[in-house]
Amino acid sequence: MATSKGVALFNNDTISNRIFTNTGFHSIFIDKTDNKWFIGDDGVYFLNKSGSQHHLNQDFPNLPVSVYSIDEDPKTGDKFISTANGIYLFSSKLNQVSQLTKEECYSAFVDKNDSIWFSTRQGLLIAAIPEIKKNGMSGKFRNLNSTLNVQNEIINNISTNKYGSVWLVTDSRIIQAISTDQEAIQYEQKKGIKDNKIMSFLIDKEDNIWVGFSGGLQRLSKYEGLRNFYPNTINSFIYSFYADNSDRLWIASNNGVFYYEEELINFTPRLGSDNQKYVMGKLANGNILFANSKGLYEVDQHSLSIVQQSRFKEMIMSPEGVFISSKGEIVILTGFNGILYYLSGFTSDPLVIKNKWSSNVTRLIEKDGRIIGGSSNGLIELKNGSLKSLAEMDCQVYSVYNDNGILWLGTDFGLAYIKNSDFDNIQFVSVGNSTVVKSIFPAKNRNYLWLGTNQGISYFNKTYFESDYYIDSKDGLSADEITPAGLFLDRNGLLWIGTFHGISNFNMRAKSTISYTPECYIERTLLNGRKIDNTDGHTFRYNQNNLIFEISALTYKSKESIEYEFYLRGTGNDYSSYHKGKEFKAYYNNLPPGTYEFIYKAKGDNNIWGYAKKYEFNIKTAWYNTVVFRALLIIAIALLIWLFYKQRVKSIEAQKRKLEEIVRIRTNELQLANLEIEGQRDLATAQRDKIIEQKKEITDSIYYSERIQRSLLPESGALRKILPEHFILFKPRDIVSGDFYWVTEKANFTYVAAVDCTGHGVPGALMSMLGISFLNEIVNKSGDMYPEEILNQLRNYIIKALKQAGQIGEARDGMDASLIAYDKSNGLISFSGANNPLYLVRNGELEEIKGDKMPVGIHERMDSFTRHTFNVKSGDTIYLFSDGYADQFGGPKYKKFKYANFKTLLVSLQPFPMEAQCCKLQETMNEWKGDKEQIDDMIIVGLRF
């Protein structure tokens with residue numbers, strides 16, 4: 001520490017030594033080789049890492065006494081010294097000091113681009129290091145005052161942080177320069193800096209900015225990536241956000257409708273209404289629905305033209321939200337006004353819904369075909385224009401979010417959740433004192449939720465039920481209270497935040513990914529109630545065995561968030577008195593003699609523990625427990641034992657002779673046993689060789705069966721003639737497969753099937769060969785047939801072939817199948833399914849057409865299979881498949897891939913050709929499965945029209 005009476009060296013919180021006590025110092029510089037440079041009243045003093053001390057001005061008399069700062073060229077180790085007589089260069093290689101400039105320099109800084117920044121009365125200058133070394137002020141340099149918009153004032157300090165920003169400090173301002181080609185950011189009184197002269201400036205390891213004044217200390221911190229969005233244009237209540245397919249961001253507020261596409265556009269005048277208060281939602285066709293108190297407006301998301309509009313016969317009360325169901329129902333929410341307006345379609349007249357459950361309904365969602373929302377009385381359900389209660393709660397429910405079956409609720413009591421639609425079992429999660437959760441939105445990381453509250457936004461960890469961090473108006477948010485639909489995460493990972501006073505956005509990627517841990521140390525150690533020094537390695541007497549350790553941790557953030565973990569490791573035990581929590585005192589009484597290690601560490605509010613530290617000590621043993629005393633006692637006992645031993649020697653020798661005879665007899669018996677074992681070994685070897693030969697014969701037979709099975713499947717050349725653009729992903733689990741695909745063309749129809757037979761391997765392959773043969777026979781002996789007729793006949797064939805009678809204990813072998821008949825002339829597809837569905841992807845959206853819940857074979861249900869018919873359009877993609885892909889175990893937690901992920905993957909593959917889709921499906925499954933074994937056969941047939 002630099003003081004007015006020399007430099008003080010500290011060991012923890014105690015001064016261990018003082019050096020250079022004859023002068024006063026104002027700053028310290030530590031170079032990359034850990035040498036210390038002290039700037040004082042009479043020049044520069046130097047302390048190298050070996051402890052050698054020098055007064056640089058005495059060694060180099062040409063160096064001025066009035067020195068302001070020192071910085072280092074990291075490549076060469078040269079030091080640039082700012083003085084009243086200009087910049088001086090200290091070359092450690094040449095061990096000499098030379099003058100580079102003559103004008104007074106207040107501060108110098110070397111950046112990562114081999115440039116030097118220096119502050120003079122001319123302003124803030126920058127030059128290349130080789131240039132200033134060679135030519136000084138007569139060389140090329142650049143004045144940054146006009147570019148950075150820095151006034152002509154003295155810059156006393158230039159430094160940087162870990163992000164590369166350059167910080168300039170004057171007497172009254174702090175200036176952040178992002179680059180040399182754009183205007184700098186000014187931090188002064190109007191932006192929160194105290195109105196005092198700045199005496200010192202520091203950027204700590206947690207990237208907080210500390211400013212020292214003549215009247216105290218101030219810390220400045222902010223979240224990188226948080227900014228207010230057009231605060232002067234949009235300063236109003238934000239109702240909702242929406243991003244269309246052209247990546248325009250739409251904003252509905254009580255001050256009009258806006259969209260952002262490189263610039264902010266006011267869309268309100270184009271709606272042709274003098275009402276400025278709008279809400280919006282997305283229609284099933286992708287267009288945008290706007291609503292105000294006078295009517296509805298449908299806007300084409302591509303041309304931005306009004307497709308249709310519907311005027312209400314009577315004005316409705318102030319709308320605050322809109323919900324559009326999958327059936328096209330429209331519900332306009334009025335929030336605190338306690339009314340819902342229900343429209344069965346776009347042109348329908350609004351039906352007023354008002355009862356004791358309609359008060360303060362701010363959000364509705366659709367879950368499992370049910371429309372669910374929250375009100376001031378709890379959870380409600382809307383069905384066919386009628387409102388009823390699902391769960392009465394003693395709190396207001398503002399927001400509802402469906403997370404893979406878990407229903408998350410934002411309430412004025414915090415966050416709650418419901419599992420498996422058990423509305424009688426609502427669990428609450430604490431997210432802070434008096435925190436009201438207004439909005440819930442899924443984060444990009446599926447383990448997290450974004451929560452909009454009355455105190456800002458929270459990044460909530462669903463696994464540990466705790467918030468990693470908060471952002472509020474103190475961090476630059478436009479306001480603390482978030483609106484019920486005020487969170488939206490766009491495709492670029494940018495979080496948009498709607499408040500009562502405008503919009504902010506937060507770029508998660510711009511947030512610092514470096515996590516810091518508090519410095520933990522022992523503040524005080526008490527031995528038998530008396531304080532001792534904290535240096536470890538002490539040895540205590542046997543009766544000095546009562547210790548108390550008081551530990552502390554240094555953090556620049558919230559001290560209340562610090563947790564400690566400590567335990568004692570020592571003689572006879574690995575862990576003793578383990579503790580984890582807020583307690584910072586460790587008590588150890590009546591410790592037995594031995595060597596001990598007191599292990600301790602701490603963590604801050606980011607939940608990351610620092611490295612463990614240890615304090616070692618030893619407690620000596622009492623004299624009566626010493627090795628010498630015990631050795632004498634052992635010698636005495638040994639003499640008694642020796643006497644007893646001598647008396648026993650003769651009897652032992654006699655027993656030895658007897659034992660030798662017994663050993664000889666047993667040795668002969670072992671030799672005979674070894675001969676018998678060798679014979680058994682030869683027999684086992686012969687049997688092993690026979691088994692290997694039999695296994696090879698069986699394997700060869702199975703491989704031949706695989707060739708037969710492959711020959712029954714359609715050839716790729718024939719498939720290209722029959723089918724449109726397509727792929728077939730066929731992955732047997734074993735050599736032969738229980739899954740198969742079948743394609744044939746007859747008269748007006750092209751038939752395609754994906755079939756999953758009972759079992760896999762050889763049994764499954766036998767079933768698949770039966771299935772292929774039966775399908776060919778059924779289709780060849782008749783004219784045009786529809787899929788349900790084929791499946792009905794195939795079921796009869798299988799029941800007859802397997803002699804199934806439906807008796808108890810009888811094998812229920814059969815098939816699950818997806819079968820389509822494509823009528824090219826009419827552009828129609830007919831589909832029937834046995835336990836398996838069909839996926840249709842049209843315009844980027846996936847529709848599932850389910851098959852019947854019965855197999856092709858004997859079953860409790862033996863109805864006729866259902867036929868589903870639909871027109872096929874250009875660009876449509878159809879998928880037929882077995883359950884092998886979705887049921888495959890894998891991933892980091894070794895779980896099933898699941899149909900939800902399968903659907904999402906298929907939708908994401910639509911831009912690719914069908915052959916590329918097949919490759920990507922296979923790559924995805926290989927990555928998911930890893931080195932785990934395949935559990936079932938897989939078949940996926942994809943067709944694009």
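The crossing of α4 and α6 is left-handed. This is a predicted model, and the two helices span residues 627–712 (α4) and 761–780 (α6). Their axes come within 11 Å and cross at roughly 25°. Because angles under 35 degrees count as roughly parallel, α4 and α6 are described as roughly parallel to each other. On the α4 side, the contact is made by Ile702, Ile708, Gln709 and Leu712. These meet Val762, Ala765, Ser768, Met769 and Ile772 of α6. By residue class, the contact of α4 with α6 divides into 7 nonpolar and 2 polar residues, with no charged ones.

Next comes a sheet. Four strands form an open sheet in the order β12-β13-β14-β15, with antiparallel pairing. The edges are taken by β12 (107–110) and β15 (142–143). Each of these has a single partner strand, so one side of each lacks a neighbour in the sheet. Strand β14, residues 123–128, is joined to β15 by 2 bridges, and the two run antiparallel. Within this pairing, Ile126 has Arg142 of β15 as its bridge partner.

The last stop is a loop residue. Asn589 lies in the loop between β57 (585–588) and β58 (594–603). Is Asn589 buried or exposed? Its relative accessibility is 53%, and because exposed means over 50%, Asn589 counts as exposed. Leaving aside residues up to four places away in sequence, Asn589 touches Asn545 and Asn546. Asn589 and Leu547 are 42 residues apart in sequence, while their C-alpha atoms are 6.4 Å apart in space.

Key:
Residues are numbered from 1 along each chain as its sequence is written. This is a predicted model: local features need pLDDT of at least 70, side-chain atom pairs count only at pLDDT 80 or more; totals for chains, interfaces and linings use all residues. Side-chain values use heavy atoms; hydrogens and water are left out. Buried means under 20% relative accessible area, exposed over 50%, partly exposed in between (1.4 Å probe, protein chains only). Contact means heavy atoms within 4.5 Å. Axes are lines fitted to C-alpha atoms, for helices over the stretch in contact, and angles run from 0 to 180 degrees between N-to-C directions. Angles under 35 degrees count as roughly parallel, over 145 as roughly antiparallel, 65 to 115 as roughly perpendicular and the rest as oblique. A crossing is left-handed if the near helix is turned anticlockwise from the far one by less than a right angle, and right-handed if clockwise. Ala, Val, Leu, Ile, Met, Phe, Trp, Tyr, Cys and Pro count as nonpolar, Asp, Glu, Lys and Arg as charged, and the others, Gly among them, as polar. Two strands pair if DSSP finds at least two bridges between them.
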